[in-house]
Amino acid sequence: VMGEPVSEMCDHLIKAVNVMMDAESSQIYRLEALKFCEEFKEKCPFCVPCGLQLADKAQTAVVRHFGLQILEHVIKFRWNNMPQQEKVQLKNCAMGLLSSGTYPILEEESHIKDVLARIIVEMIKREWPQHWPDMLKEMEALTSIGEAQTELVMMILLRLAEDVITFQTLPAQRRRDIQQTLTQNMESIFSFLLTILQLHVDEYRKLAKAHCRVGVAALSTLAGYIDWVALAHLTNDNCRLLEMLCLLLSETELQLEAAECLLIAISRKGKLDDRKPLMVLFDDVAMHYILSAAQPVVERHYIFLKRLCQVLCSLGSQLCFLVGSGVEVDVPANLSKYTEAFLAFTTHPSQFLRSSTQITWGTLFRHEILSKDPVIIQMMIKYFRATMTNLVKTGFPSRNDSPSCEYSRHDFDSDEDFNSFFNSFRAQQGEAVRNACRVVPLEGFQIAAEWLQYQISTPIDIGTTGSGKGGSCGLCSILSPSAVQWDAMTFFTESVVGQLFKNVEVEKLPVDQGIELLQAVLNYNTQDPLILSCVLTNLSSLFPFVTHRPHFLPQVLYKVNTQTLNFVKLEPCHCAPRTRAVKNVRRHACSSIIKMSRDYPWFILPCFDILYNQVKKLFSNEALLTQMEKCALIEALVLISNQFKDYTKQKAFLEELMATVAARWTSDEMRVLLEPALFLAFVGADQLMAEGTDHTTGINRSRLSFCVYTILGVVKRARWPADLEEAKAGGFVAGYTPSGAPIYRNPCTPQVLALLPNLLALIRTHNNLFLPENMCRLSETFSRAYEVIEVERKVVLGLTQPVLDIYDSPVYKTHLERMQGFFCTLYDNCYHILGNAGLSLHQDFYTIEGLAEQIVGSALISLDNVPDHRLRPMLHILLMEDDEDEACEENQVTQEMLEEQLVRLVTREVLDLLSKSRLWDKGRKWDVGTSTPGSVTELSLPLQDIYMTLLTISFTSLSWKDTSNCHRTASMVCWTLLRQVVGGNLLPEAVTWFYASVLKGLQMHGQHEVCNSALTQLALIIYDNLRPRYMELRSVMTQIPSINLEALDQYDQRLLEPSSAQKVGEKKRKDQFKKLIAGTVGKDLGQQFKKEVHIRNLPSLFKKPKLEKRDIVEPSETGSLAALFSPTQDDI
């Protein structure tokens, strides 16, 4: 092969390239051809002549591209070993290709242009400016040849800026040399680019298509420089660049690139003084061009509109930065024109464009100066009106019921994507509305009141979106016209009314109008669950008005309690399960009651008896409410009872409230809680059940759940008064600590402590259910009863819920799903009770005799058998206290993903627990007697075992496949734990294992900068602290690939003999250590087999003059330092 002439080799290469690119070629031939081409590039001594011959214009585009790739390969991988003569020859040939080796600009293939630009840039990166000082002049000369060469020069300058500044794909010194030279020549480069742009835009206006292509290239190149050059270059010559860009917004073929450049320029950060000239864009001429580009109704270019919208957003951000800052910038005279143009985007049919404006509106509305400007105040009212339309959820890409739908098909892949976007869009609007209401609260309330009254008076329109179930019953679906209108109005009202009470003085509040609205809402009757849910939210929003007219309170409580929770009677289909919408509205009613009881307990207290009687009435029918709904009502009553501020009275009330639960929970029937076999029989998990039949043990599960829910509700909500004097007067203070702090007692303590033994028994039995002998007791129907429930599975895997019409269908649950839900909720609630018991009962809980043994014997028993997803509630509570075939295959893959993700989540939560644990509190004494604080060697044996287990978990987890876990553990946990034991007698094997674990972490995660930094710091601390006592660490270091042993000796010498060694700065020492362990850092898969490119440094451009070493106290021409402090009286 080596002796064949160039032309013969080229023939072989052409055939190989054609085989590779031919769709008809077999895989074997294609691989052979690829192998031949790669071997040629690596080994052939006459690559350059072959490359040049293949790059000739006479060849096909595919062959030319391969020829140019050969030349690029030679420059990247052989340049350092080429004789100077060959380098010059290759450079001249490449420049020849630029000047005469391409077709006219409109005919040449873009990939040929791209590879030509790459070749020149690769040479520039290796030789400019030291060995190729005239490069810029040569590029300028090329532009005089024609449009094709001018476009290539633009591409070269752009790629150079990207490689050097943006991607930084070359060594530091070379990058510095090139960047400094670019910066020195930037004035002439910018002038050159603007001249090219002006020239070719003028020619393009004469309808010359080729010049348009050059204009696009020039704008793309400018975009690569505008981002980082000195701001002065953007504003030179009376902002000539910005003026040109604004003019080009009206040129259809160039407007997108011009908008890109303008956006980058306006988005620049930097000194405020440097940014001040950007305000020229608010002048008449610039604003005229920007507005006229935004005006036409005919959609010329949707992407351009997005860019223009971003330009206006960035302009608004700069305005907010500069007005009111240290720089003297006045509110622009054209602010009104600007805001009108901006509002046009806020009212555009595209939901994406609407959302793009929200953050800027929010910034304008909360700006200290601009928010008080009459133009912005007027715009707030217009914004409220626009928001009334924008909050309505329309525009799903799968539908055609709105002008927004067409745009949504461009912006979103699915309805789920759109739904997720719209939720965040709505939140942004809420924030902007709240900001505006701080300035114009009454005007905002007026608009909300009109909208609410309008919705109340408008008949319900279910539209054509209802599913069969919803439509046949005459109810709204989630996308019915009335449902989306009510939902939007409710969100708006909630945002406005919340600010009204914060920003308007009490005497100026529109109480009469508020009460009138409340009355209208109370009188509004509907059987539609989606609308009723909105009605409830409006009641909650308007509830603060009731505090000014207390006689309305009973009506509100009646509406929320009786009407909503009795909603089951209003359901059209009694036999079918409740729909999701009905379930939600009932849950909403419960939340409303709890919210009112939490926020206004003192106000509701006079109506306590009315509420209590309503609750008793609802409880009288056991099937009317779910256990969760009952619990919500109990929580509300307990919250209000906290306002009794009388220990005896509240204790008596809680005894009465819990009497039924206490009697059942402590009855003989509950002995089933002690034995897994009895418990499974009691809840029916050992029975075979056919779908469609009633489960007779369902009532047992229901009663069991109610007991646990009730205990949780009481423990969570019962509290003593926050005010010490009120607590003392009410009998809540049981005594004082030696330091004088009050010891409170909770009125629920006696009841909860009496129920605790059976609760712990239930937890113990629950953990024992996972033992093999008990797992086999499950019937075939319930064999998967302990698996992750569907909702949690989707949350863990990050899967979105379906969004369309899910509210309309009844929620049919299989016997298995009900059993899974029962076990999951029961288990979670038991741990929540334990978690809240400490916070609620304080010393009465922690002084229970044998508490530790009881918890270990229940919550921590049989943990080896408990699945990962069941461990999570326990960890959360500990944290709280401390602060077909194909289908089968797919299911199997999903299950594996689920298990891996659960392991990851549980691991993170364990390490969260470690990082927040008080096990290593500063100064905590572990020992008894005189040993030092934190001395683990003095611990009792069980505690030593726990401590070493924690250390092992922490250091092992550094190399688990979870970067966020690695970073947190390395930076927060590992050394915090290890430093407690460094003073003890650690075994050398343990020390080397700890250190090697960190290095393993670097091998696994070192390619991630954040992990690398944390792991390197951890390795440095361990080595510096333990190397003086453990020689074995050196042997670990010597096993690192490519370690410099001489540098290791020097580092060790400085570490072991700090007095004799030359002192080294902290940063330099870290850098030295980082170089020592660099061989351990793993590469990510994409980098492992990549061929290294080596770019040599050239002679330094800027040599620093050596400063003479001189005593600064010595006299000099300007006098000595000592003279400055001499006690003379001159010139004082």
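Modeller: Start with burial. A residue counts as buried under 20% relative accessible area, and as exposed over 50%. Cys748 has a relative accessible area of 0%, so Cys748 is buried. Keep in mind that this is a predicted model.

Biologist: How many residues does the protein have, and what share of them counts as buried?

Modeller: The protein has 1132 residues, and 50% of them count as buried. Its accessible surface comes to about 54800 Å². Carbon and sulfur atoms account for 54% of that surface.

Biologist: What does the secondary structure of the protein come to?

Modeller: It comes to 54 helices and two strands.

Biologist: Back to cysteines. How many disulfides does the count come to?

Modeller: First the idea. A disulfide is a covalent bond between the sulfur atoms of two cysteines. The cut-off used here is 2.5 Å between the sulfur atoms. By this rule the count is zero.

Biologist: Next, rings. How many aromatic pairs does a search of the whole structure find?

Modeller: The search finds 44. To class a pair, look at the angle between the planes: over 60 degrees is edge-to-face. Tyr612 and Phe653 have ring centres 5.4 Å apart and planes at 80°, so this pair is edge-to-face. The pair links distant parts of the chain. Tyr612 is in helix α31 (residues 608-619), while Phe653 is in helix α33 (residues 647-657), 41 residues apart.

Biologist: Are Tyr612 and Phe653 buried or exposed?

Modeller: Tyr612 is buried, with a relative accessible area of 10%. Phe653 is buried as well, with 6%.

Biologist: What kind of aromatic pair do Phe822 and Phe823 form?

Modeller: A tilted one: the centres are 5.4 Å apart, with 55° between the planes. Phe822 is buried at 7% relative accessible area, and Phe823 is buried at 0%.

Biologist: Which residues do ring pairs link into a cluster?

Modeller: Phe282, Tyr338, Phe342, Trp361, Phe365 and Tyr383. The charged end of Arg275 is over the ring of Phe321, 4.9 Å from the ring centre. Lys630 lies over the face of Phe706, at 5.1 Å from the centre of that ring.

Biologist: Now a loop residue. Where does Ser350 lie?

Modeller: Ser350 is in the loop between α17 (335-346) and α18 (351-356). Its relative accessible area is 0%, so Ser350 is buried. The side chains of Ser350 and Tyr302 are joined by a polar contact of 2.5 Å. The Ser350 side chain also reaches the backbone nitrogen of Leu353, at 3.1 Å. Beyond four places in sequence, Ser350 is in contact with Tyr302, Tyr407 and Asp411.

Biologist: Is Arg549 buried, partly exposed or exposed?

Modeller: Arg549 is partly exposed, at a relative accessible area of 27%. This residue lies in the loop between α27 (529-546) and α28 (553-565).

Biologist: Which residues does Arg549 touch, not counting those up to four places away in sequence?

Modeller: Val511, Asp512 and Ile515. Arg549 and Ile515 are 34 residues apart along the chain, and their C-alpha atoms are separated by 7.8 Å.

Notes:
Residues numbered from 1 in each chain as written. Predicted model: local features only at pLDDT ≥ 70, side-chain atom pairs only at ≥ 80, totals over all residues. Heavy atoms only, no water. Helix = DSSP H or I, 4+ residues; strand = E, 2+ residues; numbered from the N terminus. Buried < 20%, exposed > 50% of the residue type's maximum accessible area, 1.4 Å probe, protein only. Areas by Shrake-Rupley, 256 points an atom, 1.4 Å probe, with all protein chains shown as cover. Contact = heavy atoms within 4.5 Å. Phe/Tyr/Trp six-rings, centres within 6.5 Å; stacked < 30°, edge-to-face > 60°. Lys NZ or Arg CZ within 6 Å of the ring centre and 35° of its normal. Polar contact = N/O pair within 3.5 Å; in protein donor to acceptor, adjacent residues only side chain to side chain.
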